[in-house]
Amino acid sequence: MELQVTNSPFNQEQVELLNRLIPTLTDGQRLWLSGYIAAFQAGAVAAAPTGLVGLNGQNATGAAAVSAPAVSREVTVLYGSQTGNSIGLSKKLAKKLEEQGLQVTLSSMGDFKPNGLKKIENLLIVVSTHGEGEPPDNAISFHEFLNSKRAPKLDGLRYSILALGDTSYEFFCQTGKDFDKRLQELGGTALVPRVDCDVDFDEPAAQWMNDVLASLSSTPAATGTVTSEAVTAEVSSGESEFNRTNPFKAEVLENLNLNGRGSDRETRHIELSLEGSNLDYEPGDSLGVFPENHPRLVDELIAAMGWNADERVTVNKNGDQLSVYEALLRHYEITAVTKPVVEQLAKLSPESGLAALLADDAEFRNVMNSCDLLDLVQDYALKGIAAAPFLAVLRKIPARLYSIASSSKAFPDEVHLTVRTVRYEARGRERYGVCSVHLAERIEAGDTLPVYIQHNPNFKLPENPDAPIIMVGPGTGVAPFRAFLGEREEIGAEGKTWLFYGDQHFSTDFLYQTEWQRWLKDGVLTKMDVAFSRDTEQKVYVQHRMLEHSKELYQWIQEGASIYICGDEKKMAHDVHAALISILQQEGGLSPEQAADYMTRLQQEKRYQRDVY
């Protein structure tokens, strides 16, 4: 409703000012403004002489005495994170809140006692979505509690949610949506609306933080501003200036194929120099690599659209320009089809049939899971859309995260990766893993790669170096365990170590074989069991080796061993988890429910950690 002199107590000048201001405000700013006015009015009334307030609640000026509701200065920030982004954002949010004089409790959902929810007035959640719409590992127990009958009524709760996700997945930000829906059902009220972020989350995360700060502040002096740069800025002057939005150009020192001649697999061992970056990492962390698209795919897309490869286009809000070819090669994602992109392309080409595709959920899922941008262009005859508006709807090419395969103590100023090259054919055309083929085919020693460190506190060695560890990592999932053992060798750790490793063939696919053998000889690696699935008539995988050694494995767990799983989530991680449940039942005499509870306790104690993808 537009304000007018006739429908409000304001004069013409005030009406014009308010009509210009109000439409520009965010929801958080409106909430803050209403609280500020109430607090201001309450302060004015409290300051007025007692004798000037009449029996009808009017003060001497005729204004009604308003008592502003007390705003709690205590805020709980909970995070659910698989790779570390939610943790980093939560820490920055907590710091900003504390700077505004708020009392902040910051906790992982896995460490938070959910029964304490009913005592909380202000709750802020930062959570990612993992796999097919599932909560990250350290949010599972909280998610289950909230959706159980034990969840309390939360009528006094004010909350807001920042959800992290990836629009190339069907269940985009599903965990955040789940929490939002359930908190509403339990009686909670949103401080500010939930914000769903794609992989390029800096700007929406900064806006959400600003809205939250405004809604929780009671005076103008208490407000602060968070910029998108501040979201990714390092918190200490002693830390590196390089991060996800300002990657370090690391020189390639080595790029080798680890597979033997005759293997149908190609696995690259890549060594990069971090000298001069001031970047540091620990075993369990990941390296983000910004890749380039395949030049052949770029050429085919330009040809299919009839564009001029040399035409200049603007690629960001700063007005930076690149040629169409360079923009498609290095800046934009072209191998994935996401819903926001298709929605915008449907507006650019109303007759293309994309609107009908979006209305058919099953068909759209099929397209999203099997097609790239060139398929979409060809199938829906999008030729004719000019390059500038077309490219403007694409999202930036996201970095690929790889588990670090080295210990910085063993290799100072270096970081190592283990990358399986992905190539396959579909619809009569060869397809490429964007980053893996870039590394395999177009990167040599002496070249540079834009990289950053992604810290992952959810996948870390035990604090006690004498604690035993069990590592399960088939294929490239063995990468972080090379880092684990390299670290333990350097610090002289005495704890027992057991590695379960698998791949296809012993003769061609035994990654880092000589290193494992040396560590076995030196006692850094206590035990190693291998499973080469194509060397036997019946396929044998790591979970089968675990079951074969169930008694000893159970004994290690009873002795306090921490279990680490790295690799494919959909199949391997599920099968390994099932094997562990079976071992607990068989050797510990537990029921299925008791075994599941046991695994949950191990996870809560950080003795069961997964780095899965």
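A cavity is a set of grid points where a 1.4 Å probe fits but cannot get out. The structure treated here is a predicted model.

**Exercise 1. The cavity**

Find how many cavities of 30 Å³ or more the whole structure has, and describe the lining of the largest cavity.

Solution. 
- Step 1. A search of the whole structure gives one cavity of 30 Å³ or more.
- Step 2. The space in the largest cavity comes to about 40 Å³.
- Step 3. Its lining consists of Glu333, Ala336, Val337, Thr338, Val341, Leu373, Leu394 and Arg395.
- Step 4. Sorted by class, the lining of the largest cavity has five nonpolar residues, one polar residue and two charged residues.

**Exercise 2. The second largest pocket**

State the volume of the second largest pocket, and work out which element gives the most to its lining.

Solution. 
- Step 1. The volume of the second largest pocket is about 420 Å³.
- Step 2. Its lining is made of 20 residues, and those nearest the centre are Glu282, Lys460, Leu461, Pro462 and Glu463.
- Step 3. Two or more lining residues come from each of α16 (479-491) and β20 (562-567).
- Step 4. The element that gives the most is α16, with three residues.
- Step 5. The classes in this lining are nine nonpolar, three polar and eight charged.

**Exercise 3. Two helices in contact**

Describe how helix α20 (residues 550-558) and helix α21 (residues 569-588) cross, and name the residues through which α20 and α21 meet.

Solution. 
- Step 1. Two packed helices are described by the distance between their axes and by the angle between those axes.
- Step 2. For α20 and α21, the axes come within 9 Å and cross at roughly 90 degrees.
- Step 3. Angles of 65 to 115 degrees count as roughly perpendicular, so α20 is roughly perpendicular to α21.
- Step 4. On the α20 side, the contact is formed by Ser550, Lys551, Leu553, Tyr554 and Ile557. On the α21 side, Leu580, Ile583, Leu584, Gln586, Glu587 and Gly588 take part.
- Step 5. The residues of this contact between α20 and α21 divide into six nonpolar, three polar and two charged.

**Exercise 4. Confidence along the chain**

Solution.

Technical notes:
Residues numbered from 1 in each chain as written. Predicted model: local features only at pLDDT ≥ 70, side-chain atom pairs only at ≥ 80, totals over all residues. Heavy atoms only, no water. Axes fitted to C-alpha atoms, helices over the stretch in contact; angles between N-to-C directions. Helix = DSSP H or I, 4+ residues; strand = E, 2+ residues; numbered from the N terminus. Parallel < 35°, antiparallel > 145°, perpendicular 65-115°, else oblique. Contact = heavy atoms within 4.5 Å. Nonpolar A, V, L, I, M, F, W, Y, C, P; charged D, E, K, R; others polar. 1 Å grid on protein atoms, 1.4 Å probe; cavity = no way out; pocket = protein on both sides within 12 Å on 5 of 7 lines; lining within 4 Å. Points joined across faces, edges and corners; volume = space filled by probe spheres on them.
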